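Hi everyone, thanks for coming. I'd like to walk you through one structure today, so let me put it up on the screen.

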Amino acid sequence: YTIWRGPDVADLIVNDFAFSANTPLRQVVYMQGAMADAVARGVILSKGVTITDHRGTLTNQVHADYPATGGDSGAPVFYQTELDDYVVYVGIHAGRVIEDGNTVSFYSPWEGVKGDLELNLVR
């Protein structure tokens, strides 16, 4: 239930999980990728998106405008709470697509991760 931020920075503590139905458009989200020196910030642009590429099709994805790069796949996506080091986990960064000439990041929302991995979390 923690997200690593770096060697000299306290970990973030995941104190809740949110389904995409509970994360509104324009919600500020963050992604802690392996390739970045800092947590990336963006907002949710659209939900329920279908992504199709040469690897296949992913449904019910979420577009967000946080910056990401190759190697960030699998990174946690979350939003901050009122408490400094506490966050709400919303999904896992899955990739980037070109849309209307812009690069847009997307993540698999928590309900998809939870269902695909058949998770029953107990704290």
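This is a predicted model: local features need pLDDT of at least 70, side-chain atom pairs count only at pLDDT 80 or more; totals for chains, interfaces and linings use all residues.

Strand 5 gives the most, with four residues. If you want to find the spot on screen, look for lining residues including Leu58, Ile92, Ser108 and Asp116.

Now over to the largest pocket, with about 190 Å³ of space. Its lining counts 14 residues, and the closest to the centre are Asp53, Arg55, Ala94, Gly95 and Phe106. Here strand 7 takes the largest share of the lining, four residues, while strand 4, strand 5 and strand 7 each supply at least two. By class, this lining has four nonpolar, seven polar and three charged residues.

Let's finish with strand 8, residues 102-109. Six of its eight residues are buried. Strand 8 pairs with strand 5 in the antiparallel sense over three bridges, and Phe106 is the bridge partner of His63 there. With strand 7, strand 8 pairs over eight bridges, again antiparallel; Val97 has Val104 as its bridge partner. The hairpin of strand 7 and strand 8 has two residues between the strands, and Asp100 takes a positive phi near 55 degrees in it.

That's my tour, and I'm happy to chat about any of it!

Conventions
Residues are numbered from 1 along each chain as its sequence is written. Side-chain values use heavy atoms; hydrogens and water are left out. Buried means under 20% relative accessible area, exposed over 50%, partly exposed in between (1.4 Å probe, protein chains only). Two strands pair if DSSP finds at least two bridges between them. On a 1 Å grid over the protein atoms alone, a cavity is a set of points where a 1.4 Å probe fits but cannot get out, and a pocket is an open set with protein on both sides within 12 Å along at least five of seven lines; lining residues have an atom within 4 Å of a point. Grid points are joined across faces, edges and corners, and a volume is the space filled by probe spheres set on the points. Ala, Val, Leu, Ile, Met, Phe, Trp, Tyr, Cys and Pro count as nonpolar, Asp, Glu, Lys and Arg as charged, and the others, Gly among them, as polar.
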